[in-house]
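What follows is a short report for a reader who is meeting this structure for the first time. Please look over the sequence and the structure before reading on.

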Amino acid sequence: MTTRRAHHPPPPLVVEVQAPYACFTRPEFKTERLSYPVMTPSAAKGVLEAIFWKPEFSYRIEQIEVLQPIRWMSIRRNEVSSMLTVGWIREAMSDPSLRFDAEADRDQRNMVCLRDVAYRIHAQVRLRPHATDPDAKYRDQFRRRVERGSSYSQPFLGVREFSASFHPPTPRSPIPHDEQLGVMLHSIRYDDMGESYRWFHAKLRQGVLTVPKHGVELPTGQSTTQAVRTGGRS
């Protein structure tokens with residue numbers, strides 16, 4: 001009789017990232033930006049893709065460790081209150097005299113963000129259907145790029161002006177902190193119907209945010225703001 005061996009996933013890819021500032025905006029705040037106390041999985045995935053990206057695979061974030069005490073700061077910034085549309089851009093391309101008056105559209109907004117942050121990201125490589133090479137190839141390429149400090153684009157934490165640095169993992173311990181973080185974006189799914197968003201109830205336990213394998217899609221008709229304020233309960 002033959003015994004079937006249990007499939008064990010490979011050890012996760014691990015990288016540490018740090019920055020002077022970070023802002024992982026909560027979705028229930030539309031105008032004024034208020035950050036989550038910790039890095040979100042979508043932000044962590046963005047860091048990994050800045051380091052190494054191929055269309056043959058995607059990253060699945062498993063865990064995020066907080067390595068520095070959570071510190072807050074407030075910044076008041078000048079922003080524009082409207083968003084340019086594709087139609088306006090096309091019109092401006094055909095008419096060089098058309099200009100966007102940023103001064104007339106300027107608005108002061110407050111950002112409550114984090115300072116002196118450091119995180120350790122744990123992730124797995126998930127092959128896409130059209131991939132022909134094993135995941136070990138991409139894992140080795142990622143590790144080599146982390147060792148060299150190479151990246152395709154500059155990693156950032158939440159907003160592009162908050163650039164970050166990264167390096168191989170160290171023996172630092174997560175901070176001893178527990179907190180209920182509320183509903184957090186898990187992943188974005190793209191298909192023929194457009195974008196769909198999946199969420200999970202985030203908890204920080206002894207400085208570690210564990211990300212479930214699958215998120216939950218919001219019920220039809222329930223807004224993101226409602227889901228966050230009710231803790232994801234319909």
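## Overview

Of the 234 residues in the protein, 37% are buried. The model is a predicted one, and this should be kept in mind throughout. The protein contains four helices and 10 strands, and these elements follow one another along the sequence in the pattern β-β-α-β-β-α-β-α-β-β-β-β-β-α. When contacts between residues at least 6 apart in sequence are considered, 73% of them join residues at least 24 apart.

## Salt bridges

The count of salt bridges comes to eight, and three of these are set out in the table.

| Salt bridge | N to O distance |
|---|---|
| E16 and R120 | 3.0 Å |
| R143 and D140 | 3.7 Å |
| E217 and R198 | 3.6 Å |

E16 forms a salt bridge with R120, their closest N and O atoms being 3.0 Å apart. Because E16 lies in strand β1 (residues 13-22) and R120 in strand β5, this pair ties together parts that are 104 residues apart in sequence. Both E16 and R120 are buried, and together with E65 they are linked in a network of salt bridges.

The pair R143 and D140 is found within helix α3 (residues 135-148), where the two residues lie three residues apart, about one turn of the helix. R143 has a relative accessibility of 36% and so counts as partly exposed, and D140, with 37%, counts as partly exposed too.

The side chains of E217 and R198 meet in a salt bridge at 3.6 Å, taken from N to O. As E217 lies in strand β10 (residues 216-217) and R198 in strand β8 (residues 194-205), the pair ties together parts that are 19 residues apart in sequence. E217, at 40% relative accessibility, counts as partly exposed.

## Pockets and a cavity

Rolling a probe the size of a water molecule over the atoms shows where empty space is left. The largest pocket holds about 1,200 Å³ of space and is lined by 45 residues, with S42, A43, L185, S187 and I188 lying nearest its centre. The elements that give two or more residues to this lining are α1 (41-51), β3 (57-66), β5, β7 (179-191) and β8, and the largest share, eight residues, comes from α1. By class, the lining of the largest pocket divides into 24 nonpolar, 11 polar and 10 charged residues.

The second largest pocket has a volume of about 220 Å³, and of the 11 residues that line it, P9, R60, Q124, V125 and K213 are the closest to its centre. At least two residues of this lining are supplied by each of β3, β5 and α3, while the largest share, three residues, comes from β5. The lining of the second largest pocket divides into three nonpolar, two polar and six charged residues.

There is also one cavity of 30 Å³ or more, and the space in the largest cavity amounts to about 30 Å³. It is lined by P37, V66, Q68, P69, I70, R71, L114, V117 and Y119, a set made up of seven nonpolar residues, one polar and one charged. Strand β5 (residues 106-127) gives the largest share of the cavity lining, three residues.

Conventions. Residues are numbered from 1 along each chain as its sequence is written. This is a predicted model: local features need pLDDT of at least 70, side-chain atom pairs count only at pLDDT 80 or more; totals for chains, interfaces and linings use all residues. Side-chain values use heavy atoms; hydrogens and water are left out. Buried means under 20% relative accessible area, exposed over 50%, partly exposed in between (1.4 Å probe, protein chains only). Contact means heavy atoms within 4.5 Å. On a 1 Å grid over the protein atoms alone, a cavity is a set of points where a 1.4 Å probe fits but cannot get out, and a pocket is an open set with protein on both sides within 12 Å along at least five of seven lines; lining residues have an atom within 4 Å of a point. Grid points are joined across faces, edges and corners, and a volume is the space filled by probe spheres set on the points. Ala, Val, Leu, Ile, Met, Phe, Trp, Tyr, Cys and Pro count as nonpolar, Asp, Glu, Lys and Arg as charged, and the others, Gly among them, as polar. A salt bridge is a side-chain nitrogen of Lys or Arg within 4 Å of a carboxyl oxygen of Asp or Glu.
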